[in-house]
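Keep the picture at hand while reading.

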Amino acid sequence: MTDIDDEVLRAQHVLEFPYKRSLGPVIGAFSTGLRDGHLLGARTRAGRVVFPPTEYDPDTGEDTDGDLVEVGPSGVVRSWAWTDRPRPDQPLDRPFAWALVQPDGADTSMLHVLDAGSPDSCYSGMRVTARFRPFAERVGSVRDIEAFVPEDAT
Amino acid sequence: MTARADVRSGEQRPVAVVSFAQADNSRREVRRNEVEMLLPVVSEVLGRVGCTKDDMGFVCSGSSDYLVGAPFSFVAALDSVGAWPPMRESHVEMDGAFALYEAWTVLRAGDCDTALVYSFGRSSPSQLDRVLALQLDPYYMAPLWPDPIALAALQARALIDSGKATEGDFAAVASRNRAAARDNPKVKTELPDYTAVSRMLEEEFLVAPLRPHTVPPITDGAAAVVLAAGDRAREMCSSPAWIVGLDHRIETHALGARDLSASPSTRLAAEGAGLGSGRAAEVDVAELHAPFAHQELILCEALGIDPASGRVDLNPSGGALCANALMVAGLVRIGEAAERVINGSAQRALAHATSGPCLQQNLVCALADDPGDGEGS
Amino acid sequence: MAERCAVVGTGQTKCTAGRTDVSIAGLVREAAKRALDDASMDWSDIDAVVIGKAPDMFEGVMMPELYLAPALGAVGKPMLRVHTAGSVGGSTAIVAAHLVTSGVHRKVLTVAFEKQSDSNAMWALSVPQPFSAPLLAGAGGYFAPIIRAYIRRSNSPDHIGIKVAVKDRLHALRNPYAHLHIEDISFEMVRDSVMLWDPLRFLEVCPSSDGAAAMVLASEDVADASDNPAWVHGMAMRSEPTMFAGRDQVNPQASRDCAADVYRQAGISDPRRQFQVAEVYVPFSWYEPMWLESLGFAQDGEGWKLTDEGATSLDGGDIPWNPSGGVLSSNPIGASGMLRFLEAARQARGTAEAHQVDGVRRALGHAYGGGSQYFAMWVLGADKP
Amino acid sequence: MTTDDEVIMLDTPIRLDYDFSAGEAQSRFLRGLTTGKFLGQRCPVCSKVYVPPRGSCPTDGVALAEDVELGNSGTVTTYCVVNVPFQGQSIEIPYICAQILLDGANLSFMGLIQEIPADQVRMGLRVEAVWKDPSEWGPTMASVKYFKPNGEPDADYDSYKEYL
């Protein structure tokens, strides 16, 4: 403690709450699909498939089609960023890549992580596939996908 | 609204920045709380134009409760102004640059002639890497707890993949900004002293492809600006920095639905501010709110500024890469740019502010020493 | 400079304790789409979006305008996020109106919301801070002493709060969007409800709601082409510090100044006669008589008499207050102020359906927040100013 | 799969830790509490005494400079009877939450009133602070157990009506 710290009182402050979020029809259907091992996207009026799906076209705000369409589970890495130092609560506790993954059949990408062992094996355009948690552990969260993994590793 | 019959001319009266002040941008402000940081800044910004709080027709501030960890944190900050008698006052949960935008609309509407804009943000008390994850879609992205450096790294990778820039280009941006920051007495963020690109490229990755020199320091700060309209601005300041264009635009949220290597919202905002079609390249000075080195390159491309040409003095303050007080750094960009018009070292200036992950929202402000010198809104 | 501005569309959600059928985006879109429909507009018609809400801790989303931008059709447009405590819904509408009066935009969508059921309102409003005094009583405990001071100052009889609580809940029965629909509400029911923060009983306190409100604000040329615009005749905001020596918390100066400003703009000298209706932020029953005085509808010390004689009731009163049922019947905090402003618009446009007051030419919308320190008001008229 | 089986809710717990610092003015006040004293500060412009001090005079917008030590006695300006078990509150209901104006101060703060039946608390009641045992004093208002009547006659309404 320095002199300055002696003058000014400090304390740890914890801001904590167990938020419970209602999902509505589109995110709810996506989450149900995830829990059951499927990746679902939403079709816009212009015919694009938004993944993960939203109630709205991400560019125009127009409603998307309520009936979701299955995409993936394999797809393409659109961008990636390697970290050697995972932080608390991040999906993996060993070195991994953050990635934007565009599943086959979708026109947009999802933020998730790539469990690829080493940055040397990562590149934009690489084929990957979703590795789900065991069914019993799945709750309908994006974390039901443990990670994406190189397709050729499966 | 009151004098509608008199003022409905269709002509908008000009509004100018007449004063700017900022606290030291420090790595960690332990001693003073938000109010105590703001007090001397508000006092200075008013004092520079011989005003008191009672001369201000409107007050608008920008801040974020999540940086403080307390709801309604802006309420206590009002004490630094002394809002008595009651003031006409408003607050945005955004960077102070957007508070300035709100104040600008009030002055344009003719409801009053002067406005105080201030903002404050201390990043050091919080776990910033976690706090900023809460800016993301709460269903799809926030539950993964991505840190801001990871998101910026995805953007930097996209930029590299696009072929528009290299890691060496990032380092060159950092080198220039760091050198400039050495001359800025308000930057006290304890950055390394070296500016050699080669040395920067020897740093280990934080999140590849980003190394420490491409990432902003945790910064605590506060800033304030005084705006004035028409003749009142001329009374208060011999060479006001006239706001000849001001606009801001937002992009979609999902990172995977954006082209992260470009900034279409900056381009649109620049057009709205009268700095489209290459006019941004004709300003004397540009202060760009690019917290990460690669973002300056993306912004320059969107604005049509060639960093290599040297025609535009880019981030003479050292930029947000060297001092990035959240909720403050955007307003500081406007203040720094305006300061150069006020002190006569620039005739035309561009200031930019950003909000959200990977430059999701962008504001462009065109400033000039002549109120007629703009085509913006 | 100052261009005219009008409300040309309104939309709101049903308020409930938990809108667990929608996401946050789904909630705000429900209100926004109704406002657009009402204005005969589409997302693409809108120039800019202004959103407001109370603390981000309610939903645990920092600066949610970032996440909500595409949900509100704001991509490629300007978007602002306002936060001025409980008055925020009103302030948000005023910020949006300034985008029009300043001549910057012609069609602005403004939205306010709160999805309090994602967390807990009591927690989010008063997150304990280090070193601060232990929390003794919550929001009611903050306001109840002020109410006690009002009762002492005005010599009001004790039953006035009960009458307000009954009246606003009766109004709410006519409003399908209201959260509380207490079919058998009565004086006895309120009187016999549990005393929470003496003198405030359970049924004299607002609920905690999920809900959203939206309006489309338009410039004169756009409004002229619409069926029944509600014209902005005046709008004002005032703030004062939370705590200072000599502060009158019962009748804050900021409230009186804000009313004086908005009345001056709108040419109001006798609010009780010149307004046909007022929708005023009354989260605790006693705030009706307090604001009746502060807003000039009654002399100091006599606000309770208007309530007592039924002047503020939709059923035969000469100046109905809170025909929607007010904050006492629905309180999604971030949206509550906008719901007041929105109800004023519906009344001025004649679109308030079962809770429409006859012959409205001018309506007052009012919001306040913090420790009775942030005020936002507007006057809307059926006629162009 | 039945509709009952659909995912409709998502748990997203959030925890953030902050290194909170009280600032200079509040720290002085809190240190006073560790020694059993109420320390306020006087505004150099309006001369009013703020306790707890907030770093600046909220009406003049200037830093408060002069420390002022206040006594233990004060006046209840207004109050409410709390009948709701409040989150984190262990006091038996009903209890009295009052605005207390310390003698010499120009701003009241909220405090708990004990040692008097709830229905006998009134505006103008004269009270004094009951401190915890010195071994339990810390930089928190919890160093004061509560306020109790000090036996003096009630204060005249005019003496505190500006502090309601």
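In chain A, three strands form an open sheet in the order E3-E2-E4, and their pairing is antiparallel. The model is a predicted one. The points below start with this sheet, then turn to chains C and D.

**The sheet in chain A**

- The edges of the sheet are taken by strand E3 (49–50) and strand E4 (69–71) of chain A. Each of these two has a single partner strand, so one side of each is left without a neighbour in the sheet.
- Strand E2 (residues 39–43) of chain A runs antiparallel to E3(A), and two bridges join them.
- Within E3(A), A:Val50 is the bridge partner of A:Ala42.

**Where chain C touches chain D**

- On the chain C side, 29 residues are in contact with 31 residues of chain D.
- Three elements of chain C each supply at least two residues of the side that touches chain D: helix H4 (121–125), helix H5 (138–154) and strand E5 (195–198).
- H5(C) gives the largest share of that side, with seven residues.
- By residue type, the side of chain C that touches chain D divides into 21 nonpolar, five polar and three charged residues.

**A strand pair across the two chains**

- Opposite C:Trp197 stands D:Val82, a residue of E5(D).

**The build of chain D**

- Two helices and nine strands are found in chain D.
- Along the sequence, the elements of chain D follow the pattern β-α-β-β-β-β-β-β-β-β-α.
- What radius of gyration does chain D have, when a compact globule of 164 residues would have one near 15 Å? The value for chain D is 20 Å.
- Taken along the principal axes, the box filled by the C-alpha atoms of chain D is roughly 75 × 40 × 35 Å.
- Of the 164 residues in chain D, 43% are buried.
- Contacts in chain D between residues at least 6 apart in sequence can be sorted by separation: 55% of them join residues at least 24 apart.

Definitions and conventions. Residues numbered from 1 in each chain as written. Chains lettered and ligands numbered in written order. Predicted model: local features only at pLDDT ≥ 70, side-chain atom pairs only at ≥ 80, totals over all residues. Contact = placed C-beta atoms within 7 Å. Helix = DSSP H or I, 4+ residues; strand = E, 2+ residues; numbered from the N terminus. Nonpolar A, V, L, I, M, F, W, Y, C, P; charged D, E, K, R; others polar. Pairing = 2+ DSSP bridges. Rg over C-alpha atoms; globule rule 2.2 N^0.38 Å. Buried ≥ 20, exposed ≤ 12 C-beta atoms within 10 Å, placed from the backbone.
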